[in-house]
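Me: I have the sequence and the model open side by side. Please take one part and go through it closely, then place it in its surroundings. Keep it brisk.

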Amino acid sequence: MVLVPCITHHSGDVAVILLKFTSALKSATRILENHPELSFDIEEALLSLKEVGDLERRLAAFNTSRQEKETVSVAERDISNVLASAKLSKIQAYQGLGTGALNALPLMDRQVLQNNSSRYINQEFASQPLWETTTYGTTGFPISIYSSAGFYFDQLFLSLIKISSRVGFNAERNRVYAAHVTDTHGQRITVNPMGRNEATIRLIIDQFDDNSIRQASRILIDLQPCILCARSEIIEVLAQFSECSQYRPELVVCSGSFLEDERRERFKHFFSCPVVNAYGLTEFGPVASECSATPGWLHIDRSIVHHEFAADSEVHPTHELVLSSVSNMAMPLLRYRTGDIVRVENNMCICGSVDPQVSMSSGRLVPTFKRRSGRLFSPTIFNGLSASLPIAKYQVIQENINQLVVLIHPRVGALSDLIEPTLRYVQSASRNEFDVRVGHLESYSSSNFQRYKCMI
Ligand SMILES: [Zn+2]
C-alpha cells in the first residue's frame with residue numbers, strides 16, 4: 001500500500017495561483033504561435049506549479065536577507081540547522097562528519113566532486129525527480145550537478161528577479177520578461193509559475209553560422225524581451241550584427257565570465273541600457289551580483305550561500321572564495337573551494353544592502369577569438385576538451401588570424417599520445433578554419449591563469 005500525504009491549500013490561494021499561471025501560459029502560447037521553433041515543456045511547467053510556495057519562501061528570504069543586520073545570515077542558519085539534524089546522514093560523503101560546526105568540516109574542491117559526484121547525492125531524494133546539469137567547464141573539468149525541484153526552479157525563475165532587484169529594475173508587464181542567449185542547451189520558453197512576469201525565452205546560437213545568429217536576432221527584435229542575459233562574449237558576438245541594435249532591452253545581465261569595463265561600456269552604448277554583472281556557478285546557481293551604486297563589486301546572496309575565504313597567499317590582497325549551501329538539499333555542498341580569487345569589501349554599501357561585496361579577478365575573463373571572415377566567436381567552444389580527452393589543464397591561444405596554439409597537460413599517459421586527438425578535437429570544434437599547433441603546458445598554478453588568450 002502506498003500512502004500519499006494529502007496537502008490542502010486554501011481554495012483562495014489555489015484560485016490566485018491558477019489565474020496567474022493561466023495568464024502566463026497565454027503569453028507563452030502567443031510566442032509559440034509566432035515562433036514554433038521554440039519549445040515548451042508542459043510537464044516541467046506543471047511540476048513548477050507545485051513549487052510556488054517554496055519559490056515565494058526563497059524570494060522572501062532573499063529580500064529580508066539583503067537588509068538584515070544580523071551577523072548570522074539566512075544561509076548560515078539553514079546550514080547550522082541541517083548540520084544539527086540528521087539530514088546529511090543519507091549522503092555518503094558527509095557520513096560521520098555531520099552534527100558539528102560548519103568550520104569543523106574539511107574544505108572540499110572540484111577535484112573531489114569530479115572523482116565521485118554521486119557520493120554527494122542525498123538518498124532522501126532517491127524517489128523524487130532530480131535535474132542533472134553539467135558545469136560549463138570554463139574553469140575545469142565538467143562535473144554533473146543534481147538539483148532538487150526547489151533548487152532547479154529557484155535558478156530558473158528567481159535568478160533574474162534577484163539580480164534585477166539589486167539594481168532596482170522592474171520589468172514592464174505585457175512584454176516578454178527575458179531572453180537568455182547561449183551557445184549550449186536548447187531553445188525554449190519558460191513560464192514563471194508565480195505569475196510575476198511574462199514568459200522567458202532561451203535562444204541558442206551557432207557562432208559559426210551567421211544565419212543562426214540572424215535568426216536569434218529576428219526573434220529578439222520581434223519579441224523585445226525586457227532583459228537580455230548572456231555570457232559577455234556571447235553578447236559581443238551578437239553585437240557584431242548591426243540589425244541586433246533594433247533590439248532594445250531595458251537591462252543587460254552578463255554572467256559566467258569576467259566583465260571588463262571596456263566591454264561594459266560598449267554594451268551600454270550598443271543597447272542604450274544599464275549593464276549588470278553577475279557571478280554564479282552551476283554548483284550553487286547565481287550567488288552574487290552588482291547593485292547600481294558600486295559597479296565592479298558584487299553583493300553575495302546570503303540567503304543562498306555562506307561564504308568564507310581560503311587564503312591565497314599571505315601577501316596577496318585577494319582570497320579564494322569558499323562557499324557552502326543547503327539550498328539544494330539533493331546535493332548540498334559544504335566548504336567548497338570555488339577556485340575563484342576575489343577581493344572583499346565588508347562595509348555596508350551605499351545602496352543600503354549589508355551583503356558583503358566581492359570583486360572578481362580577471363582570471364575568469366573569456367576573450368573572443370576571430371575567424372578569417374572577421375567574425376568573432378567564443379573560445380568556450382573548446383570547453384569539452386578535458387572531458388573528451390585525458391587532459392588535466394589546457395590553454396588555447398589565438399596567435400594570429402590563422403593559427404591556434406593549444407597547450408595541454410595530460411591527466412594520465414604521455415603527451416605524445418594526446419597531440420593528434422587534441423589537434424583533431426580543436427580543428428573540428430572550430431570547423432577546420434584554423435591551423436592548430438599542440439604543445440606542452442608547463443605551468444598553470446597562477447591564480448590569474450587564463451585558459452583562453454587572444455594575441456590579435
Ligand atoms: Zn550595493
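Reply: Start with the contacts of the whole chain. Of those with a separation of 6 or more, 63% join residues 24 or more positions apart. Bear in mind that this is a predicted model. The protein chain carries eleven helices and 21 strands. Its C-alpha atoms fill a box of roughly 65 × 55 × 55 Å along the principal axes. A compact globule of 456 residues would have a radius of gyration near 23 Å, and the chain's 22 Å agrees with that. Buried residues account for 40% of the 456.

Now the close look: helix 6. This helix runs over residues 149–166, which makes 18 residues. From first C-alpha to last, helix 6 reaches 25 Å. Still, helix 6 has a kink. The bend is about 50° and is centred on Leu-158.

How many of the 18 residues of helix 6 are buried? The count is 15, so the helix is mostly covered, with 20 or more other C-beta atoms within 10 Å as the mark of a buried residue. An α-helix has 3.6 residues a turn, so residues three or four places apart point the same way. After helix 6 comes Gly-168, with a positive phi near 70°.

Val-326 sits in the loop that links strand 13 (319–325) to strand 14 (333–345). Val-326 counts as buried because 21 other C-beta atoms lie within 10 Å. Beyond its neighbours within four places in sequence, Val-326 touches Asp-78, Ile-79, Val-82 and Pro-332. His-306 lies 20 residues from Val-326 in sequence, and their C-alpha atoms are 9.4 Å apart.

Four strands form an open sheet in the order 20-19-18-21, with mixed pairing. Strand 20 (435–440) and strand 21 (452–454) are at the edges. Each has a single partner strand, so one side of each has no neighbour in the sheet. On average, neighbouring strands here are turned by 20° against each other, direction ignored. Strand 19 (residues 403–410) pairs with strand 20 in the parallel sense, over six bridges. To find the pairing on screen, go to Ile-408: its bridge partner in strand 20 is His-440.

Methods:
Residues numbered from 1 in each chain as written. Predicted model: local features only at pLDDT ≥ 70, side-chain atom pairs only at ≥ 80, totals over all residues. Helix = DSSP H or I, 4+ residues; strand = E, 2+ residues; numbered from the N terminus. Buried ≥ 20, exposed ≤ 12 C-beta atoms within 10 Å, placed from the backbone. Contact = placed C-beta atoms within 7 Å. Expected span 1.5 Å × (residues − 1). Bend = angle between axes of the 7 residues up to and from the residue. Pairing = 2+ DSSP bridges. Axes fitted to C-alpha atoms, helices over the stretch in contact; angles between N-to-C directions. Rg over C-alpha atoms; globule rule 2.2 N^0.38 Å.
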